[in-house]
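Hi everyone, thanks for coming. Please have the sequence and the 3D view open, and we'll walk through them together.

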Amino acid sequence: MRELDGLELYQALEYAKSLDEEEVSEIIERFQLDQAALSQAIFNIFPAVLAEQNEDMSHLFLTLCFDVLCVFQKAFGPLPSQEGMDFDWLEKQAMLLETELQSLIKERDMDEKIRARLQDRFLQRSAQGSPQPGLVRYLNQATEDFAEESPGRAPAIRVTQTMIFIVVQLFTNLYSHTPKR
């Protein structure tokens, strides 16, 4: 998958910001139909995890995820349909993330050594880089800017940015996946 350059990324982000309420609803409904499992994770499960740390950051996360959805659709075309993908691929994507995500939630009961190892593993994989570094930088900056508006948001910056990185990675994997024939 090619990396979006500055102008293309800017245009895709502007496209996302220019949509009216009806267009936003249509895009979200189409996403829920085309990729029900991914939609459930991104728009229900991930925000619920974030809301445990900070409700405001959970709302920001939803907005930024919509931006990611629009950027990928604008730059790479319509979403691949879940029907053309084998279930093993979807299950594998979820399994790769589940344990590492659990380690980021401080309220979850977990041995601290195991938590530290899982977080380190996730950070190492994250440090290997995103296939869309410009998009991730933009989203990380938006998260930091939003958190600066209220000190109570700051503790949720890392988890929010991590989950946003995961969403970008999931969309990259989705658009890069060759459907089962």
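Predicted model: local features only at pLDDT ≥ 70, side-chain atom pairs only at ≥ 80, totals over all residues.

**A walk through the helices**

Of the 181 residues in the protein, 45% are buried. Now look at contacts between residues at least 6 apart in sequence: 75% of them join residues at least 24 apart.

Let's turn to the aromatic rings. How many aromatic pairs does a search of the whole structure find? The search finds seven. One of them is Phe31 with Phe171, a stacked pair at 5.7 Å centre to centre, with 25° between the planes. Phe31 lies in helix α2 and Phe171 in helix α8, so this pair ties together parts that are 140 residues apart in sequence. Both Phe31 and Phe171 are buried.

Phe76 and Tyr175 make another pair, this time tilted, at 6.0 Å centre to centre and 50° between the planes. Because Phe76 is in helix α4 and Tyr175 in helix α8, the pair links parts 99 residues apart in sequence.

Is Tyr175 buried or exposed? Its relative accessible area is 15%, and buried means under 20%, so Tyr175 counts as buried. Phe76, at 22%, is partly exposed.

Last, some charges over rings. The charged end of Lys74 sits over the ring of Tyr15, 5.2 Å from its centre. Arg153 lies over the face of Phe146, at 3.8 Å from the ring centre.

Definitions and conventions: Residues numbered from 1 in each chain as written. Heavy atoms only, no water. Buried < 20%, exposed > 50% of the residue type's maximum accessible area, 1.4 Å probe, protein only. Contact = heavy atoms within 4.5 Å. Phe/Tyr/Trp six-rings, centres within 6.5 Å; stacked < 30°, edge-to-face > 60°. Helix = DSSP H or I, 4+ residues; strand = E, 2+ residues; numbered from the N terminus. Lys NZ or Arg CZ within 6 Å of the ring centre and 35° of its normal.
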